[in-house]
Amino acid sequence: MVKVSAVTWGTYDEQESKTCTDPDRVDLATLVKPGDFLFSRANTIELIGACVIAERVTKRIMLSDKILRFDIAGINPRWVLWYLRSPNGRAEIQRLSTGNQMSMRNIGQERIRQIPLPISPSSESERILDALDERLSDLDASVASLERAERNLVRYRAAVLAAACSGRLVPTEADLARRAGRSYEPADQLLARILAERRKANTKAKYEEPAQPDTGKLPKLPEGWTTASLEQLTSAVRPICYGILMPKENVQTGVLFVKVKDMKGDKIDLAGLHRTTPEIAAQYARASLRTGDLLLSIRGTFGRVAEVPKELDGGNITQDTARLDVTSLVDHRYVATCLRSPISQERFKRVARGVAVKGVNIGDVRPAPIPLPPIAEQARIVAEVDRHLSRADALAASITQSKRRAQRLRRAILAAAFQGRLVPQDPHDEPASALLERIRAQTAVRASAFISLCRRFTIVPQPELSENQVGFNVLDAGVVIYAT
């Protein structure tokens with residue numbers, strides 16, 4: 001059975017289908033055939049009426065109740081295809097669709113028949129289709145190039161973060177100190193100071209040693225570096241924890257809290273934050289936020305990292321997020337860089353648990369390994385990462401803008417095509433009115449032939465059939481049509 005997604009994205013995708021295991025439900029008359037014009041009658045307001053021509057068919061797939069097949073006579077089906085994808089065609093489909101919710105709309109056959117279709121002379125329509133093929137192919141090639149650039153940027157970002165956390169992005173402190181003939185504090189001594197400060201700040205009767213780092217998948221580190229666990233680099237007084245289990249309704253004067261979906265592009269979207277009651281927030285005071293804390297999403301879309309801005313001081317988080325109070329003896333921005341790196345992200349995927357919604361337990365967050373360089377090197381790494389990623393952000397913004405321009409250009413090309421402005425008109429072309437009369441005549445002939453054929457059949461009422469349902473039975477004497 002064909003799924004709606006098989007016709008949604010511009011080409012027929014026969015992989016988007018599901019299996020019918022009941023032989024009695026198989027109807028060979030509904031199998032998709034090469035050249036079929038397929039139309040989605042149900043989808044979101046943006047996607048309803050998506051249509052394709054099934055160019056390549058290799059699987060036995062039946063139509064579903066949400067996919068209609070058009071039998072287009074007299075004109076090139078591609079003319080209908082491109083019109084229904086044009087701004088005017090999309091506007092008509094959306095105008096005629098029904099449904100109370102904007103998230104899911106429907107358009108029935110009677111309303112589909114009401115869609116006005118501009119008809120041009122046959123010769124002109126072929127010239128228009130040829131021009132559309134040429135211009136849209138060029139545009140598609142440009143968009144494909146932009147999408148390749150986007151994928152390259154993703155790889156570039158990952159490469160920068162990987163280099164940053166393996167000592168390959170900037171000269172190491174050990175190398176610089178050797179050249180300058182000076183001393184420096186290696187990271188193992190820095191970690192010893194951090195652990196001593198952590199123990200000293202402990203307020204509990206018994207000090208709990210932080211988790212040791214999980215070093216199973218780490219590459220070899222350069223001279224002067226060491227490996228620390230995330231818990232070793234965070235406060236013993238404000239330990240790693242998640243937040244509110246059930247924030248309940250959004251209250252206007254309550255306490256701001258952060259959900260995973262509020263963490264976008266390594267930042268927190270302050271405009272979309274909700275508030276919980278002070279009473280609920282007080283129950284989870286252990287997870288209250290301070291400026292400079294790091295947040296790590298641990299459930300659903302896990303692995304996102306963001307820094308808490310001053311506007312969220314005193315706020316809170318949900319159970320899907322972990323709060324990290326990084327010691328002041330290291331650069332918390334460097335720790336955030338490591339958590340965003342491919343090594344950390346792959347580890348989160350490896351330890352994530354769950355079926356419907358996967359998540360990372362706090363017990364797996366604590367030993368997360370952080371490759372630790374000397375403090376001066378951390379600052380240089382952060383500055384270099386910022387420089388590289390700022391360039392990547394600028395390129396990404398330019399690509400996004402170019403893709404939007406391409407979308408506008410596509411709409412303009414399609415609009416011009418069906419307004420007679422894409423190719424020159426030829427006064428010698430047969431007028432479209434003659435073509436339309438010929439189509440009407442052909443349709444009348446087909447209808448007359450069908451009526452004549454039906455007169456040879458026996459009509460037998462069948463009350464058990466539902467409304468508009470028709471059954472056929474081949475008998476020795478001919479064909480009987482069963483109908484209500």
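**Strands, burial and salt bridges**

In β13, E307 is the bridge partner of L294. This is a predicted model, in which local features need pLDDT of at least 70 and side-chain atom pairs count only at pLDDT 80 or more, while totals for chains, interfaces and linings use all residues. Residues are numbered from 1 along each chain as its sequence is written, and side-chain values use heavy atoms, with hydrogens and water left out.

Q: What makes β12 and β13 a pair of strands?
A: Two strands pair if DSSP finds at least two bridges between them, and strands are DSSP runs of E with at least two residues, numbered from the N terminus, as are helices (H or I, at least four residues). Three bridges join β12 (residues 294–297) to β13, so the antiparallel pair meets the definition.

Q: Why are β7 and β13 called edge strands?
A: The open sheet has four strands in the order β7-β15-β12-β13, with antiparallel pairing. β7 (241–242) and β13 (305–307) each have a single partner strand, so one side of each is left without a neighbour in the sheet.

Q: How do you know that helix α8 packs on the sheet, and which strands does it touch?
A: Contact means heavy atoms within 4.5 Å. Helix α8 (residues 332–340) touches β12, β13 and β15 (321–324). Its direction makes about 165° with that of β13, where axes are lines fitted to C-alpha atoms, for helices over the stretch in contact, and angles run from 0 to 180 degrees between N-to-C directions.

Q: Why is M246 called exposed?
A: Exposed means over 50% relative accessible area, buried means under 20%, and partly exposed lies in between (1.4 Å probe, protein chains only). M246 has 58% relative accessibility, so M246 counts as exposed. The residue sits in the loop between β7 and β8 (255–258).

Q: How do you know that S229 is buried?
A: The relative accessible area of S229 is 0%, so this residue falls under the cut-off for buried. S229 belongs to strand β6, and its contacts, not counting residues up to four places away in sequence, are A211, Q212, P213, R366, P367 and A368.

Q: What makes both faces of β6 covered?
A: In β6 (residues 226–229), T226 and A228 on one side and T227 and S229 on the other are all buried. Four bridges join β6 to β16 (residues 369–372) in antiparallel fashion, and T226 has L372 as its bridge partner in β16.

Q: Why is the contact between E150 and K403 called a salt bridge?
A: A salt bridge is a side-chain nitrogen of Lys or Arg within 4 Å of a carboxyl oxygen of Asp or Glu. The N to O distance for E150 and K403 is 3.0 Å, so the pair qualifies. This pair links distant parts of the chain, with E150 in helix α4 (residues 122–164) and K403 in helix α11, 253 residues apart. E150 is partly exposed at 28%, and K403 is partly exposed at 23%.
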